[in-house]
Amino acid sequence: MKALNLYGVQDVRYEDVRKPEIENANDVLIKVHTAGICGSDISRFGKIGSYNPGLTWGHEFSGTVESTGSGVTSVSKGDRVTACNCFPCFHCDYCKQGNYARCTHMKVLGGQVNGAFAEYIRMPAENVLKLPDSMDFATASFIEPSSVVVHGMRQVDIKPGSSVAIVGCGTIGLLAVQWAKICGAGDVFAFDTDEDKLAVATKTGATATFCVKDENYLSRFHEITYDKGVDVVFESSGNAAGIGSSLLLAAKGGMVVLMGIPYGDVALPRLNFEKIVRNELNVIGSWNSISAPFPGKEWQTSIHYLSSGKIDISPLITRQVRMEDVPSLLPDLYNRKVFFVKILINVEALS
């Protein structure tokens, strides 16, 4: 079968690999239909490379069950499915507490386990989730990033009418705009360096948007919020400047949830850091998408709201491409030579 394998920094290859087979009683073999390119995939391609050179990468996907092991009863051949991309050990102290996102020996799809940028993928049955008949494959490929957002939302107490700021309008941030509204937020303010992404944020329900390249963006924000800031800030860019600016947006006693992954050192200006102390901010991290019972309510909640259309992913889909076109496209994505929010790989186009 064909797959995209990551060998090193900016070295991804479209090549033939051995098709996975059922090996264990709880195995599920899935024929991949659609896979999403995550922002972390682009950063891995451009900056880090592969943890295991030659490993098939990708972790956001949907498809149909091709076959199952003898012990699988939750899904059957032909079922439309997605799968959780995390593999906690289930034995460390954190796993025994049900804190699977904190697993000491966590493995992830496309990082330590062959991923979804392939025609077929093998997953353990406990990771596989059946899709409603009403959900198309493109929408289903957003279940994983949506679950990341829901996990972050569950870290805080958003009350009806709470004010929220979203820093970074990639896929996670734009989903967070919609999830904040679902959780009861009143005003939701979106921040980014890209005016085109801010335009998408408006389409997804942002009350107001702010281009951080504008010198007066902070003064305009404080004017709108009467110099109070917002109750909750979600930082989803992972950019050092974004992390620093998020501390300037929270109200006194407010919360800042860090969801973005930095791929370099983060240094904070003194005045920004002082906001944590002097404004008594609650700064917390949110990692991944899983909880107990595994894989967690994040996944079923995402399936429900995506399938009902209450989360609208259509403004986020920039384009769909064939798997063979990805190696030539990735440099432009990494160097931001083309606008994009979410690129979907139509794996089914191979058939």
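Q: Where does P293 sit?
A: P293 is in the loop between β16 (282-285) and α10 (297-307); helices (H or I, at least four residues) and strands (E, at least two) are DSSP runs, numbered from the N terminus. This is a predicted model, where local features need pLDDT of at least 70 and side-chain atom pairs count only at pLDDT 80 or more, while totals for chains, interfaces and linings use all residues. Residues are numbered from 1 along each chain as its sequence is written, and side-chain values use heavy atoms, with hydrogens and water left out.

Q: And the peptide bond from A292 to P293, cis or trans?
A: That peptide bond is cis, with omega near -5 degrees. The bond joining F294 and P295 is cis too, with omega about 0 degrees, and P295 lies in the loop between β16 and α10. For background, most peptide bonds are trans, and most residues other than glycine have a negative phi.

Q: OK, so what is the phi of F90?
A: F90 has a positive phi of about 65 degrees, although F90 is not a glycine. You'll find F90 in the loop between β7 (86-87) and α2 (93-96).

Q: Is D227 buried or exposed?
A: D227 counts as exposed, because its relative accessibility is 59%. The cut-offs are under 20% relative accessible area for buried and over 50% for exposed, with partly exposed in between (1.4 Å probe, protein chains only). D227 also has a positive phi, near 65 degrees, and is in the loop between α7 (217-224) and β14 (230-235). F90, at 34%, is partly exposed.

Q: Switching to helices: at what angle do α1 and α11 cross?
A: The axes of α1 (residues 39-48) and α11 (residues 326-334) cross at roughly 90 degrees and come within 10 Å. So α1 is roughly perpendicular to α11. Axes here are lines fitted to C-alpha atoms, for helices over the stretch in contact, with angles running from 0 to 180 degrees between N-to-C directions. Angles under 35 degrees count as roughly parallel, over 145 as roughly antiparallel, 65 to 115 as roughly perpendicular and the rest as oblique.

Q: Which residues meet there?
A: From α1 it's I42, F45, G46 and K47, and from α11 it's L330, P331, L333 and Y334. Contact means heavy atoms within 4.5 Å.

Q: What does T171 touch?
A: Leaving aside neighbours within four places in sequence, T171 is in contact with F142, P145, L316, V341 and K342. T171 is in helix α5 (residues 171-182) and counts as buried, at 10% relative accessibility. T171 and G39 are 132 residues apart in sequence, yet 8.0 Å apart in space, C-alpha to C-alpha.

Q: How many salt bridges does the structure hold?
A: Twelve. A salt bridge is a side-chain nitrogen of Lys or Arg within 4 Å of a carboxyl oxygen of Asp or Glu. One of them pairs E274 with R270 at 2.9 Å, N to O. Those two are separated by about one helical turn, because they are four residues apart in helix α9.

Q: What does R322 pair with?
A: R322 forms a salt bridge with E324, the closest N and O atoms being 3.7 Å apart, and another with D325, where they are 3.1 Å apart. Elsewhere, salt bridges that share partners join E23, D27 and R122 into one network.
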